[in-house]
Amino acid sequence: MSELFAGAPPLGIVALPQDGRLVAAAAGVRLLSVDLGTVVDKASLMDVLVRELELPGYFGRNWDALLDVLTDEGIVGDRAALVLSGLTALAGRAPGVADTLGEVMAAAQEDSAATGRSLWLVDADQEPVTG
(Lines give C-alpha, C1' and ligand atoms only; values in the text may rest on other atoms or scores of the structure.)
Protein backbone atom coordinates (compact mmCIF):
# COMPACT_ATOMS: atom_id res chain seq x y z
CA MET A 1 0.00 0.00 0.00
CA SER A 2 1.30 3.43 -0.92
CA GLU A 3 2.46 5.68 1.87
CA LEU A 4 1.74 8.87 -0.08
CA PHE A 5 -0.72 10.22 2.49
CA ALA A 6 1.07 8.82 5.57
CA GLY A 7 3.26 11.84 6.27
CA ALA A 8 3.98 15.24 4.86
CA PRO A 9 3.31 15.61 1.15
CA PRO A 10 6.28 15.54 -1.23
CA LEU A 11 6.92 18.83 -2.96
CA GLY A 12 5.63 18.98 -6.52
CA ILE A 13 3.06 17.06 -8.49
CA VAL A 14 2.82 13.31 -7.92
CA ALA A 15 0.81 10.38 -9.27
CA LEU A 16 -2.19 9.09 -7.35
CA PRO A 17 -1.67 5.61 -5.90
CA GLN A 18 -3.81 2.91 -7.44
CA ASP A 19 -6.12 2.88 -4.43
CA GLY A 20 -5.36 6.49 -3.55
CA ARG A 21 -8.91 7.68 -3.05
CA LEU A 22 -9.50 5.06 -0.36
CA VAL A 23 -6.13 5.70 1.23
CA ALA A 24 -6.74 9.45 1.28
CA ALA A 25 -10.11 8.99 2.95
CA ALA A 26 -8.61 6.68 5.56
CA ALA A 27 -5.83 9.21 6.22
CA GLY A 28 -8.28 12.08 6.62
CA VAL A 29 -7.16 13.79 3.42
CA ARG A 30 -9.82 15.79 1.61
CA LEU A 31 -9.73 15.18 -2.16
CA LEU A 32 -10.42 18.19 -4.36
CA SER A 33 -10.82 17.05 -7.96
CA VAL A 34 -10.49 19.39 -10.93
CA ASP A 35 -10.96 18.42 -14.58
CA LEU A 36 -8.90 20.76 -16.75
CA GLY A 37 -10.20 19.24 -19.99
CA THR A 38 -12.17 22.32 -21.07
CA VAL A 39 -9.59 24.92 -20.05
CA VAL A 40 -8.17 26.99 -22.92
CA ASP A 41 -7.13 30.18 -21.11
CA LYS A 42 -6.94 31.79 -17.68
CA ALA A 43 -10.62 32.83 -17.71
CA SER A 44 -11.85 29.31 -18.45
CA LEU A 45 -9.48 27.91 -15.79
CA MET A 46 -10.93 30.24 -13.19
CA ASP A 47 -14.46 29.24 -14.26
CA VAL A 48 -13.61 25.55 -13.83
CA LEU A 49 -11.99 26.16 -10.43
CA VAL A 50 -14.99 28.12 -9.18
CA ARG A 51 -17.36 25.37 -10.25
CA GLU A 52 -15.38 22.27 -9.29
CA LEU A 53 -13.89 23.53 -6.03
CA GLU A 54 -17.12 25.33 -5.12
CA LEU A 55 -15.21 28.52 -4.39
CA PRO A 56 -16.95 31.37 -2.57
CA GLY A 57 -18.57 34.21 -4.49
CA TYR A 58 -15.85 36.64 -3.42
CA PHE A 59 -13.15 34.63 -5.27
CA GLY A 60 -11.37 37.20 -7.43
CA ARG A 61 -10.62 34.94 -10.42
CA ASN A 62 -6.94 35.88 -10.53
CA TRP A 63 -3.69 34.17 -9.56
CA ASP A 64 -3.36 35.90 -6.17
CA ALA A 65 -6.95 34.98 -5.30
CA LEU A 66 -6.24 31.37 -6.29
CA LEU A 67 -3.22 31.28 -3.99
CA ASP A 68 -5.38 32.73 -1.22
CA VAL A 69 -8.09 30.06 -1.52
CA LEU A 70 -5.59 27.20 -1.87
CA THR A 71 -4.00 28.30 1.41
CA ASP A 72 -7.25 29.07 3.24
CA GLU A 73 -7.80 26.35 5.83
CA GLY A 74 -11.49 27.22 5.95
CA ILE A 75 -11.85 26.41 2.24
CA VAL A 76 -9.29 23.67 1.62
CA GLY A 77 -8.83 22.23 5.09
CA ASP A 78 -5.63 21.27 6.85
CA ARG A 79 -5.02 18.03 4.88
CA ALA A 80 -6.06 18.17 1.23
CA ALA A 81 -5.06 16.75 -2.13
CA LEU A 82 -5.70 18.73 -5.28
CA VAL A 83 -6.30 16.03 -7.90
CA LEU A 84 -5.95 17.42 -11.42
CA SER A 85 -6.95 15.63 -14.60
CA GLY A 86 -5.96 17.01 -17.99
CA LEU A 87 -2.86 18.82 -16.72
CA THR A 88 -0.54 17.53 -19.46
CA ALA A 89 -3.07 18.36 -22.17
CA LEU A 90 -3.49 21.85 -20.68
CA ALA A 91 0.26 22.40 -21.01
CA GLY A 92 -0.09 21.70 -24.73
CA ARG A 93 -3.15 23.95 -25.21
CA ALA A 94 -2.20 26.84 -22.96
CA PRO A 95 1.40 26.49 -21.77
CA GLY A 96 1.50 29.88 -20.05
CA VAL A 97 -1.64 29.10 -18.06
CA ALA A 98 -0.31 25.66 -17.11
CA ASP A 99 3.05 27.11 -16.04
CA THR A 100 1.48 29.81 -13.88
CA LEU A 101 -0.96 27.32 -12.39
CA GLY A 102 2.00 25.12 -11.47
CA GLU A 103 3.77 28.06 -9.84
CA VAL A 104 0.69 29.02 -7.82
CA MET A 105 0.11 25.43 -6.70
CA ALA A 106 3.76 25.08 -5.66
CA ALA A 107 3.54 28.32 -3.66
CA ALA A 108 0.32 27.10 -2.01
CA GLN A 109 1.99 23.83 -1.11
CA GLU A 110 4.98 25.62 0.41
CA ASP A 111 2.74 27.99 2.37
CA SER A 112 0.67 25.09 3.65
CA ALA A 113 3.78 23.26 4.83
CA ALA A 114 5.10 26.39 6.54
CA THR A 115 1.87 26.69 8.54
CA GLY A 116 1.65 23.02 9.54
CA ARG A 117 -0.95 22.02 6.95
CA SER A 118 -0.60 19.53 4.12
CA LEU A 119 -1.43 20.03 0.44
CA TRP A 120 -0.73 17.24 -2.01
CA LEU A 121 -0.64 18.05 -5.73
CA VAL A 122 -1.76 15.04 -7.73
CA ASP A 123 -1.78 14.46 -11.49
CA ALA A 124 -4.70 12.09 -12.06
CA ASP A 125 -3.44 11.28 -15.57
CA GLN A 126 -0.10 9.82 -14.49
CA GLU A 127 0.09 6.06 -14.23
CA PRO A 128 -1.12 5.00 -10.78
CA VAL A 129 1.57 4.07 -8.31
CA THR A 130 1.34 0.47 -7.16
CA GLY A 131 3.03 -1.04 -4.23
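Is R61 buried, partly exposed or exposed? Keep that in mind for a moment. One thing before the answer: this is a predicted model.

Now the answer. R61 has 38% relative accessibility, so R61 counts as partly exposed. The cut-offs matter here: buried means under 20%, and exposed means over 50%.

What does R61 pair with? R61 forms a salt bridge with D47. Their closest N and O atoms are 2.3 Å apart. Look at where the two partners sit. R61 is in the loop between α2 and α3, while D47 is in helix α2, so the bridge ties together parts that are 14 residues apart in sequence. D47 counts as partly exposed too, at 39% relative accessibility.

Why do such pairs form at all? Side chains of opposite charge can pair when their charged atoms come close.

How many salt bridges does the count come to? Three. Next, take E52 and R51. Their closest N and O atoms are 3.9 Å apart. E52 is partly exposed, with a relative accessible area of 28%. R51 counts as exposed, at 52%.

Then there are D111 and R117. Their side chains meet in a salt bridge, with 3.5 Å from N to O. D111 is partly exposed, at 34% relative accessibility. And R117, buried or exposed? R117 counts as buried, at 11%.

Now move along the chain to helix α3. This helix runs over residues 63–70. Which of its residues are buried? They are W63, A65, L66, V69 and L70. Those residues cover an arc of only 160 degrees around the axis, which puts them on the same side of α3.

Here is the rule behind that pattern. An α-helix has 3.6 residues a turn, so residues three or four places apart point the same way.

What covers the buried residues of α3? The cover includes two strands you can find in the picture, β3 at 79–85 and β4 at 118–123. Helices are part of the cover as well, among them α2 at 42–52, α4 at 73–76 and α6 at 95–114. You know α2 already: D47 lies in that helix.

Last stop, the start of α3. Which residue caps the N-terminal end? N62 does. One of its side-chain oxygens lies 3.1 Å from the backbone nitrogen of D64.

Key: Residues numbered from 1 in each chain as written. Predicted model: local features only at pLDDT ≥ 70, side-chain atom pairs only at ≥ 80, totals over all residues. Heavy atoms only, no water. Buried < 20%, exposed > 50% of the residue type's maximum accessible area, 1.4 Å probe, protein only. Helix = DSSP H or I, 4+ residues; strand = E, 2+ residues; numbered from the N terminus. Arc of directions from axis to C-beta. Contact = heavy atoms within 4.5 Å. Polar contact = N/O pair within 3.5 Å; in protein donor to acceptor, adjacent residues only side chain to side chain. Salt bridge = Lys/Arg side-chain N within 4 Å of Asp/Glu carboxyl O.
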